[in-house]
Amino acid sequence: MRLLSCAKYVSLALVASAFQLPLLDTLQSQITSYLSQAHVAEEDGPVSHGGNGHGGNDASYRDVPRELWALDYTQYEGDKIVRVRMNEETKHLVMGMREVYDQWEGNDEFVDFRVPSEDIPLLQEHLDCEIMIDDLGQAVYETFPKVAEELKLETTDDFQAMTDLFFKEYRPLNTIYSWLDMMKETFPDFVEIEWLGQTYEGRDMKALHLSVDKGLNPDKKTIVLTAGVHAREWISTSTALFTIFKLLTEYGHSKKETRYLEQLDFLIVPVFNPDGYAYSWSQDRLWRKNRQETYIPRCFGIDIDRSFGYHWTKSEDYPCGESYSGEAAFEAIEAENLDTYINVTRKDHQIYGFLDLHSYTQKILCPYAYSCDEQPRDIENLLELAYGISKSIRLRYGKHYEVLPACKDRGVDIMPGLGAGSALDFMYHNRAHWAFQLKLRDTGSHGFLLPSEFIVPVGKEIYAAVKYFCEFILNPDL
Ligand SMILES: [Zn+2]
């Protein structure tokens, strides 16, 4: 959105005129008093003001020497994350705000937007608004590792200690890829690192293929798990890595995992969007798309989850927008690479399950995303499975994950076309009999900026969901 400042203020004028208000001059006041209000969010605790609830990075980034900054935090200065609740009267106006602001998450009740402080009084005057993140720069800063040096991974006798350290913080791409190598070295009989292809910027896309007796059992069922499709959703990647770790380390110790690895194949892509992920570590923590060139110079990136070729339609977003679909299906190289990997390289695999990890809002989304009119097959079993997954998560830490059709989550009833081109629909329609998109924690207090202390709790609760999914798929009657 930073690239769009001109267009943005034109659009903001349109929003203001829709309110039948004087234009931008109404936006200039009231900020200070508004910001002093205390807001209490839902179960995850107080609003993230930056500095809240995070173990180590309590200092303000403003007090840290600039040469130690991971990226330029001043780019977020003055911006806030605002939850705008809507009703029948205001929903079209709120959806129209997508043209103006970066939308984080939303449903048919509310949408979270990134909004400059100076716009907030006007919005607050006419819409039901709540500030979720007050100091965006500080909240960004707090998601980076407390120790600036990169973690050095080495094969060690104290594997547990190394693992504890690894999952203490989010990790950059190079460290993650070194960790995958370490898993391969530590568990050479069960792990293959497979190459899906390169990205636009020449990074490798990698999958971990986990299996015992690889290739010996042609009737094995396969589960595909992907994460990090959207660059800023770091918790999805850490959770995929945690899942890999648990499956491998419990094998031979727990009956369940031993059975999973003997009777199932897992293809796990923990960083689906390596270019975007690397960019979110070095340039903009809140980057969402890949980093492909588009037909507009200086507007980079296609939303990979709008690029898959099942009921693909061109998005209304133009190339600078966060949800730009590209000009044709599979224009996003990462989507095309998955298609080739699944349908050519691994075409012999019987893919029974697909889980695509995202964040946030704690949801289990069922097919289809593109339309609420197409009924998914086996709907009763599909819903039973979804509710079972939700229950398995709730039993771990009591967190509620709502089950709903992906089309509803994407708001296609308000804006048709928003749900087209998802990995969920593509995989469900073409290869995976059972498929879900999981949106992980939280419900909005931290949004995409979930502090690293949640890596292990979220890893554990989603691992409980993965186990439930495995049990369901191993049912011989399916
Ligand atoms: Zn996402």
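This is a predicted model: local features need pLDDT of at least 70, side-chain atom pairs count only at pLDDT 80 or more; totals for chains, interfaces and linings use all residues.
I started with helix 10, where Pro-274, Asp-275, Gly-276, Tyr-277, Ala-278, Ser-280 and Trp-281 are buried. Buried means under 20% relative accessible area, exposed over 50%, and partly exposed in between, with a 1.4 Å probe and protein chains only. Helices (H or I, at least four residues) and strands (E, at least two) are DSSP runs numbered from the N terminus.

Residues are numbered from 1 along each chain as its sequence is written, and side-chain values use heavy atoms, with hydrogens and water left out.

Back to helix 10 (residues 274-282): seven of its nine residues are buried, so I call the helix mostly covered. I looked up what those buried residues pack against, and found helix 7, strand 6 (204-210), helix 8 and helix 11 (333-345). Contact here means heavy atoms within 4.5 Å.

Next I checked helix 6 (residues 159-166) against helix 7 (residues 173-186): their axes come within 13 Å and cross at roughly 155°. That makes helix 6 roughly antiparallel to helix 7. The axes are lines fitted to C-alpha atoms, for helices over the stretch in contact, and angles run from 0 to 180 degrees between N-to-C directions. Angles under 35 degrees count as roughly parallel, over 145 as roughly antiparallel, 65 to 115 as roughly perpendicular and the rest as oblique. On the helix 6 side I found Phe-159, Met-162 and Phe-166, which meet residues of helix 7 including Trp-179 and Met-182.

Then the zinc ion: its protein donors are His-230 (ND1), Glu-233 (OE), Glu-233 (OE) and His-358 (ND1), at 2.0 to 2.3 Å. Donors are N, O and S atoms within 2.8 Å of the metal (3.2 Å for Na, K and Ca); water is not among the atoms, so sites may look incomplete. I noted that His-230 sits in the loop between strand 7 (221-227) and helix 8 (234-250), and His-358 in strand 9 (residues 350-359), 128 residues apart. Both His-230 and His-358 are buried.

Last, the backbone. I found a cis peptide bond between Ser-359 and Tyr-360, with omega about -5°. Tyr-360 is in the loop between strand 9 and strand 10 (363-366). Thr-361 lies in the loop between strand 9 and strand 10; phi of Thr-361 is positive, about 110°, although it is not a glycine. Thr-361 is buried, at 9% relative accessible area.
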